[in-house]
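Please look over the sequence and the model below before reading on. The paragraphs that follow lead through the structure element by element.

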Amino acid sequence: MAGNDDGRNDERRVHIFDTTLRDGAQTQGVDFGVADKIAIARALDDLGVDYVEGGWPGANPTDDRFFADPPSFKNAKLVAFGMTRRPGRSAENDPGLAALVNSKADALCMVGKAWDFHVDVALEIDRQENLKMIEDSIAFAKSRKSEAMFDAEHFFDGFRANPEYALACVKAADAGGARWIVLCDTNGGTLPHEVSEIVAEVAKQVPGVRLGIHCHNDTENAVANSLAALWAGARQVQGTLNGLGERCGNANTISLIASLALKSDFNIGVSDTQLGHLTHVSRLLDDRLNRAPNRHQPYVGDSAFAHKGGLHVSAVEKDPRTYEHIDPEVVGNQRHIVVSDQAGRSNFLARFREIGLELEAGDKRVNRLLEEVKDLESQGYSFDGAEASFELLARRRLGEVPDYFRMERFRLMDDRRWNARGDLITESEATVTVEVGGQLRHEVASGNGPVNALDVALRKALVWAYPVLEGMALSDYKVRILTPQEGTRAVTRVMIESAAPDGQRWTTLGVSPNIVEASFTALEDSYSWRLFKAGVAPLGPKSAAARN
């Protein structure tokens with residue numbers, strides 16, 4: 001298992017170091033709470049990574065609370081991050097180092113300058129003093145914790161500018177007793193061939209079993225650079241879940257684990273069962289951040305194993321290896337057959353099987369549905385991103401989806417005015433009349449815009465009859481103008497992503513020259529799909545009377 005062996009005697013052992021909770025937290029718009037950090041840390045431990053960097057004790061209240069009562073791990077070591085001692089102080093009397101060594105972390109990782117330009121300009125100290133700061137800090141940490149690591153910040157820039165000094169920084173950490181010396185491409189501007197050459201040079205000075213790599217993604221090469229470093233001799237690789245990180249992000253831990261486990265002879269200590277949890281862990285992070293997953297993310301995205309062209313689907317039906325580099329189930333993902341105006345019969349038959357519909361190839365309904373989809377897509381519909389709407393369309397044509405409710409009418413009103421405090425505000429109000437179980441329900445609701453008001457009012461009209469809708473949430477809303485040349489008269493396409501408390505997500509769509517009408521169509525499909533998949537029976541007049 002990961003984290004249970006030192007790996008020094010296994011030349012093919014690569015240690016996974018995840019810094020989502022520290023470097024990933026520097027992503028613009030990301031703000032982890034303590035509960036988030038605990039949940040993500042446990043998921044990383046279950047995944048089998050070797051090190052989980054929990055944050056920077058003493059830097060902020062959230063990290064202080066996290067390290068005051070950290071989660072217990074089965075596989076990983078908890079790492080605390082900080083800086084080397086300050087110039088002019090001893091390591092024993094530095095308050096920053098005190099916070100690190102007094103934390104409940106298993107290991108410490110300290111960052112220091114490895115580029116003479118930064119030492120001269122940013123720190124404004126003597127270069128020899130910087131070397132002493134590195135060695136002293138590592139030695140002090142090593143005396144208090146089981147492992148001390150050194151992040152050589154800006155190492156690759158420093159090596160290109162002054163290789164002798166950059167190597168001197170590495171050797172200072174080595175002299176202090178660092179278990180790992182991590183070479184950082186902090187600005188993210190290094191390319192794979194450069195990483196390979198430089199790491200190979202460093203490995204002549206310090207054994208590769210004590211070298212790590214930390215790459216940023218500013219040239220879209222963070223994963224490639226990390227792999228290049230490992231092939232050049234490094235044996236620790238740092239990354240973040242889903243590639244979180246400052247600016248363009250860091251190397252993606254998800255992609256690193258999958259590529260190393262499935263496409264190399266390295267041993268990363270992650271079992272086949274743990275590898276199958278990659279997709280879950282990736283989406284757990286997105287759920288914690290309250291954002292939609294990246295559909296196109298390698299290995300774990302919804303589109304990573306999606307097939308749209310009829311020729312591709314026909315081949316995949318015969319043997320998935322024709323257009324898939326791995327079995328998606330190995331990483332916890334699944335194959336998706338996309339239905340669109342480019343689809344052939346193979347797409348439809350495969351998609352039907354995915355949703356549990358068994359139709360014969362010669363069934364005339366397949367041809368009719370194929371023609372209907374192509375006609376709808378010529379009007380602006382796009383079912384390749386709205387699987388729930390396609391499933392409803394298909395099942396409705398087969399008579400399988402009941403009428404759960406019927407919208408009789410709705411009316412929207414926007415009121416733009418000055419409030420009592422003198423602020424200019426715009427309020428939206430929706431009035432709906434919905435027939436449910438033979439009864440007309442009349443509801444009024446306000447919201448943040450007309451679509452939100454319509455959603456709230458419609459939900460009020462339905463929840464009394466269908467409680468399963470109570471926990472449902474709309475997680476994403478997109479509008480696309482299909483005929484921009486018509487200006488404000490343009491046809492619009494609305495796509496809504498919804499989520500259930502159990503983590504299930506689905507996407508529906510609507511198309512209309514009226515953006516509210518398009519939004520209602522997508523909302524109606526979203527509610528209907530949720531009710532159908534939950535196995536809810538439509539409310540009849542007798543049932544409605546009983547509930548009243």
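**A walk through the predicted model**

Valine 479 has its place in strand β14, where strands (E, at least two residues) and helices (H or I, at least four) are DSSP runs numbered from the N terminus. The model is predicted, so that local features need pLDDT of at least 70 and side-chain atom pairs count only at pLDDT 80 or more, while totals for chains, interfaces and linings use all residues. Residues are numbered from 1 along each chain as its sequence is written, and side-chain values use heavy atoms, with hydrogens and water left out.

With a relative accessible area of 38%, valine 479 is partly exposed, a class that lies between buried (under 20% relative accessible area) and exposed (over 50%), with a 1.4 Å probe and protein chains only. Together with Tyr477, Ile481 and Ile515, Val479 makes a nonpolar surface patch of about 310 Å². Patches are made of residues with over 30% relative accessible area and no salt bridge, like charges being joined within 9 Å and nonpolar side chains (Val, Leu, Ile, Met, Phe, Trp, Tyr) within 5 Å; the accessible areas come from the Shrake-Rupley method with a 1.4 Å probe, and for residues only the protein chains shown count as cover. Strand β14 (residues 473-481) gives the largest share of this nonpolar patch, three residues.

An open sheet of three strands has the order β11-β12-β13, with antiparallel pairing; two strands are said to pair if DSSP finds at least two bridges between them. Its edge strands are β11 (406-418) and β13 (439-447), each of which pairs on one side only, and the twist averages 15° from one strand to the next. Between β12 (residues 424-436) and β13 the antiparallel pairing runs over nine bridges, and serine 428 stands opposite glycine 447 in β13. Helix α17 (residues 450-463) lies across β11, β12 and β13 and runs at about 35° to β12, where axes are lines fitted to C-alpha atoms, for helices over the stretch in contact, and angles run from 0 to 180 degrees between N-to-C directions.

A further strand to consider is β8, which pairs in the parallel sense with β1 over four bridges and, also in the parallel sense, with β7 over three bridges.

Helix α9 (residues 222-231) is mostly covered, since seven of its ten residues are buried, namely Ala222, Asn225, Ser226, Leu227, Ala228, Ala229 and Leu230. What covers these residues, by contact (heavy atoms within 4.5 Å), includes β6 (180-185), α8 (192-202), β7 (211-215), β8 (236-239) and α10 (253-263). Just after α9, glycine 233 takes a positive phi of about 135°.

Positive phi values also occur in residues other than glycine. Glutamate 124, in the loop between α4 (116-123) and α5 (127-144), has a phi near 55° and is exposed, with a relative accessible area of 66%. Histidine 154, in the loop between β5 (147-153) and α6, has a positive phi of about 55°, but histidine 154 counts as buried, at 6% relative accessibility.

The structure holds 41 salt bridges, each defined as a side-chain nitrogen of Lys or Arg within 4 Å of a carboxyl oxygen of Asp or Glu. In one of them the side chains of glutamate 53 and arginine 22 meet at 3.1 Å, N to O, and this pair links distant parts of the chain, with glutamate 53 in strand β2 (residues 51-55) and arginine 22 in the loop between β1 (15-18) and α1 (34-47), 31 residues apart. Both glutamate 53 and arginine 22 are buried. Arginine 160 forms a salt bridge with glutamate 194, their closest N and O atoms being 3.6 Å apart, which joins helix α6 (residues 155-161) to helix α8 across 34 residues of the chain; arginine 160 is partly exposed, with a relative accessible area of 38%. In the salt bridge between arginine 395 and glutamate 400, the closest N and O atoms are 2.5 Å apart; arginine 395 counts as buried at 8% relative accessibility, whereas glutamate 400 is partly exposed at 33%. Elsewhere, salt bridges that share partners join Arg283, Arg295, Asp302 and Glu387 into one network.
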